[in-house]
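Reader: Hello! I have just opened this entry and would like a guided tour. Please take me through it step by step.

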Amino acid sequence: MARSSGILADSDIQGLFENNILKSDRPLDKDQIQPASLDLRLGKKAYRVRASFLPGPEKQVIDKLEQFKLHEFDLENGAVLETGCVYIVPLIETLALSDELSASANPKSSTGRLDIFTRIITDYAQEFDKVTSGYHGQLYLEISPRTFPVIVRTGSRLSQIRFRKGKSGLNESELLALHKKEMLVSDDHPNITASGVGLSIDLTGNSNGLVGYRGKHHTGVIDVDKRGVADVLDFWEPIYDRGSHSLILDPDEFYILVSREAVHVPPLFAAEMTPFDPLIGEFRVHYAGFFDPGFGNNEAGGKGSRAVLEVRSHEVPFILEHGQIVGHLVYEHMLRHPKSLYGRDLGSNYQAQGLKLSKHFKPL
């Protein structure tokens, strides 16, 4: 039975296409619709621009592109996006939202783990990654590779979008009750506040003492559409615990770390990782992220999955300690039970994960 408010499930997203609320001039990929989100695909053309921008309430994105573009190029046969550059790509999918629907976007998990900074932009937008209710028009993706140059092409999927009807978030008392019933995180004394469920960092390491990875500079390119082909050590420096259970984050270096807690998202809920308050320290979880219904859920074939975290320090070095809170999980109601759950039905890449790099790398 559907609620009156919540995150739209896979069947509802399929209905958006059938009712021309979501539009595409190409057939959908078979796995493009996820339990609580839709993967968005790059279009035919990319624009290299001088700087990131928002169009503002009186302008369309194309107006700003004409003002700030350095050059444009075709993506049909693939192209390299260089680190430190900003690109804008019109997406294949377009929207004609009703007044009761809004949407938000985030990088896909694999995108974040490659340190590719992405944000959705709409016409007349004053915020990134937010699509206001009633929006009709084109979607654009800002792309800025930060650590590795990447190859993308028309149809590459770097970002995902969630659709929302009404207010769907859980408050503190609802989170406490849900944790008591379903165990949202594997912690006897979880940090649950109005901001969400706190996640902390694991710096004790696995059986080999591995606690994370630091991205290397001046590497080769990674093709975002090819799985299991890149050599880990060509792109990453493994980091091992030497007994201190702490890590000094160097400014503007990119780290892949893992949460101390295992995370569970019950089938009737969706979650989103939000950065911890930057006033607490100079570090931040670099990318927010969506957690689909069934993530770490027994019904989906898992027993709790730890959250992989992309972390940066800004301005000054910062000492990160084992167990330090680094982010919050915000939970929301689903509008209805998804037809498919993360992991069980989708062959999902990161179910029952620990510390894990993106799907592009060969196993060590």
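Reader: Which strands are part of what covers the buried residues of helix 4?
Author: In this predicted model, helix 4 takes up residues 172-182; helices (H or I, at least four residues) and strands (E, at least two) are DSSP runs, numbered from the N terminus. Being buried means having under 20% relative accessible area, exposed is over 50%, and partly exposed lies in between (1.4 Å probe, protein chains only). Contact, here, is heavy atoms within 4.5 Å. The cover includes strand 14 (192-193), strand 15 (196-200), strand 21 (269-275) and strand 26 (325-333).

Reader: What pLDDT do local features need?
Author: Residues are numbered from 1 along each chain as its sequence is written, and side-chain values use heavy atoms, with hydrogens and water left out. As this is a predicted model, totals for chains, interfaces and linings use all residues, side-chain atom pairs count only at pLDDT 80 or more, and local features need pLDDT of at least 70.

Reader: Which exposed residues sit on the face turned away from the buried side of helix 4?
Author: Just past the end of helix 4, Met 183 has a positive phi of about 55°. Back in the helix, the face turned away from the buried side carries two exposed lysines, Lys 180 and Lys 181.

Reader: How many residues of strand 26 are buried?
Author: Strand 26 pairs with strand 15 over four antiparallel bridges, and Val 197 has Leu 329 as its bridge partner there. With strand 21 it pairs over seven bridges, also in the antiparallel sense, and Glu 272 stands opposite Val 330. Strand 26 is largely enclosed by the rest of the structure, because the buried residues, out of nine, number seven.

Reader: Which residue of strand 23 stands opposite Ala 271?
Author: Strand 21 and strand 23 run antiparallel and are joined by three bridges. In strand 23, the residue opposite Ala 271 is Phe 291.

Reader: How much area is buried between domain 1 and domain 2?
Author: Domain 1 covers 6-165 and domain 2 covers 172-333, with bounds from an automatic or database domain assignment. Their C-alpha centres lie 24 Å apart, and 33 residues of domain 1 touch 29 residues of domain 2. Buried area is the accessible area (1.4 Å probe) that two parts lose on being put together, summed over both. Carbon and sulfur atoms give 54% of the total, which is about 2,600 Å².

Reader: How many salt bridges does the rule find across the interface of domain 1 and domain 2?
Author: A salt bridge is a side-chain nitrogen of Lys or Arg within 4 Å of a carboxyl oxygen of Asp or Glu. The whole structure has 22 salt bridges. Across the interface of domain 1 and domain 2, the number found is five.

Reader: How many residues apart are Asp 223 and Arg 153?
Author: Asp 223 and Arg 153 meet through their side chains in a salt bridge of 2.8 Å, N to O. Asp 223 is in strand 17 (residues 222-223), while Arg 153 is in the loop between strand 12 (150-152) and strand 13 (157-165), so this pair links distant parts of the chain, at a separation in residues of 70.

Reader: What is the relative accessible area of Pro 363?
Author: Pro 363 belongs to the segment after strand 26. Its C-alpha atom is separated from that of Ser 98 by 45 Å. Pro 363 counts as exposed, because its relative accessible area is 78%.

Note on methods:
Pairing = 2+ DSSP bridges.
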